[in-house]
Amino acid sequence: MQYFNELQRTMAWLGQQEKTFFVGQTVDCPGTFMYPTLNGVPTKKRLEFPVNESFQLQFSIGLALAGYVPISIYPRQNFLLLATADMVNMLDKIPAISNNKIIPHIIIRVASGPYKPIHPGHQHIGNYAEAFKRMFNEIIVLELDEPEEIFSVYESAYKNPASYLIIEHGNNYNDK
């Protein structure tokens, strides 16, 4: 079992689920190491976003409140930092301000960028998993270290009506 293949299989399965919708950078156009994992996702379920991480998360919250299960994809944790204020002040607080009547169901997919075979610079390889875990009350933060974890974590995230931040490791993609 290989990390990349499991991601590809899992994304294809998520793409077949009725209410899922994929948003983010390079979800419909190539450009990052995450793009090929979406090969099995129907193009009608993908919306390419410009580099505007905060708006992407706000849009994903809107989709969730409208009944969709958005898979909001950020190729690097360093870039997700630009949407962290929205995660902390909006997504994580909606259950509290609505007295738990509204629980947005969003899957935020992010990776620590690969530094093999070529180091892309420190602004692309950050891993802030521990900080994210301490930051949120309602958002469930999980890290995918092994390929055996991938499908079950994403399946659970889809079936459990909560918001998830799922962290992948770009170096593991090379284990194709």
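Reader: What do the buried residues of α7 pack against?
Author: They pack against α1, β1 (20-24), β3 (69-74), β4, β5 and β6. Contact here means heavy atoms within 4.5 Å. Helices (H or I, at least four residues) and strands (E, at least two) are DSSP runs, numbered from the N terminus. The model is predicted, so local features need pLDDT of at least 70 and side-chain atom pairs count only at pLDDT 80 or more, while totals for chains, interfaces and linings use all residues. Residues are numbered from 1 along each chain as its sequence is written, and side-chain values use heavy atoms, with hydrogens and water left out.

Reader: Which residues of α7 are buried?
Author: Pro147, Ile150, Phe151, Val153, Tyr154, Ala157 and Tyr158 are. Buried means under 20% relative accessible area, exposed means over 50%, and partly exposed lies in between (1.4 Å probe, protein chains only).

Reader: Why is Leu7 called buried?
Author: Its relative accessible area is 0%. That is under the cut-off, so Leu7 counts as buried. Leu7 lies in helix α1. Leaving aside residues up to four places away in sequence, Leu7 touches Thr37, Arg109, Ile150, Tyr154, Glu168 and Tyr173.

Reader: What makes α1 roughly parallel to α7?
Author: The axes of α1 (residues 3-16) and α7 cross at roughly 20° and come within 8 Å. Under 35 degrees counts as roughly parallel, over 145 as roughly antiparallel, 65 to 115 as roughly perpendicular, and the rest as oblique. So α1 is roughly parallel to α7. The axes are lines fitted to C-alpha atoms, for helices over the stretch in contact, and the angles run from 0 to 180 degrees between N-to-C directions.

Reader: Which residues make the contact of α1 with α7?
Author: From α1 come Tyr3, Glu6, Leu7, Arg9, Thr10, Met11, Trp13 and Leu14. From α7 come Pro147, Ile150, Phe151, Tyr154, Glu155 and Tyr158. By class, that gives 10 nonpolar, 1 polar and 3 charged residues. Nonpolar means Ala, Val, Leu, Ile, Met, Phe, Trp, Tyr, Cys and Pro; charged means Asp, Glu, Lys and Arg; the others, Gly among them, are polar.

Reader: How do you know that α2 is roughly parallel to α4?
Author: Helix α2 (residues 53-65) and helix α4 (residues 84-91) pack at about 30°, with axes 8 Å apart. That angle falls in the roughly parallel range, so the label holds. The contact is made by Ser54, Leu57, Gln58 and Ile61 of α2 with Asp86, Met87, Met90 and Leu91 of α4. It has 5 nonpolar, 2 polar and 1 charged residues.

Reader: What covers the buried residues of α4?
Author: The cover includes α2, α3 (77-80), α5 (94-97), β4 (107-112), α6 and β6 (164-169). The buried residues of α4 include Thr84, Asp86, Met87, Val88 and Leu91.

Reader: Why is the pair Lys159 and Glu155 called a salt bridge?
Author: The closest N and O atoms are 3.1 Å apart. A salt bridge needs a side-chain nitrogen of Lys or Arg within 4 Å of a carboxyl oxygen of Asp or Glu, so this pair qualifies. Both residues lie in α7 (residues 147-159), 4 residues apart, about one turn of the helix. Lys159 is exposed at 57% relative accessibility, and Glu155 is partly exposed at 24%. Salt bridges that share partners also join Glu130, Lys133 and Glu143 into one network.

Reader: What makes Lys133 and Glu143 a salt bridge?
Author: Their closest N and O atoms are 3.8 Å apart. That is within the limit, so the pair counts. Lys133 lies in α6 (residues 129-135) and Glu143 in β5 (residues 140-143), so the pair ties together parts 10 residues apart in sequence. Lys133 is partly exposed at 36% relative accessibility. Glu143 is partly exposed too, at 22%.

Reader: How many salt bridges does the structure hold?
Author: It holds 6. One of them joins the side chains of Asp92 and Lys93, at 3.5 Å, N to O.

Reader: Is Asp92 buried or exposed?
Author: Asp92 has a relative accessible area of 2%, so it is buried. Lys93, at 30%, counts as partly exposed.

Reader: Why is Thr26 called buried?
Author: Its relative accessible area is 13%, so Thr26 falls under the cut-off. Thr26 sits in the loop between β1 and β2 (46-48). Thr26 has a positive phi of about 55°, although it is not a glycine.
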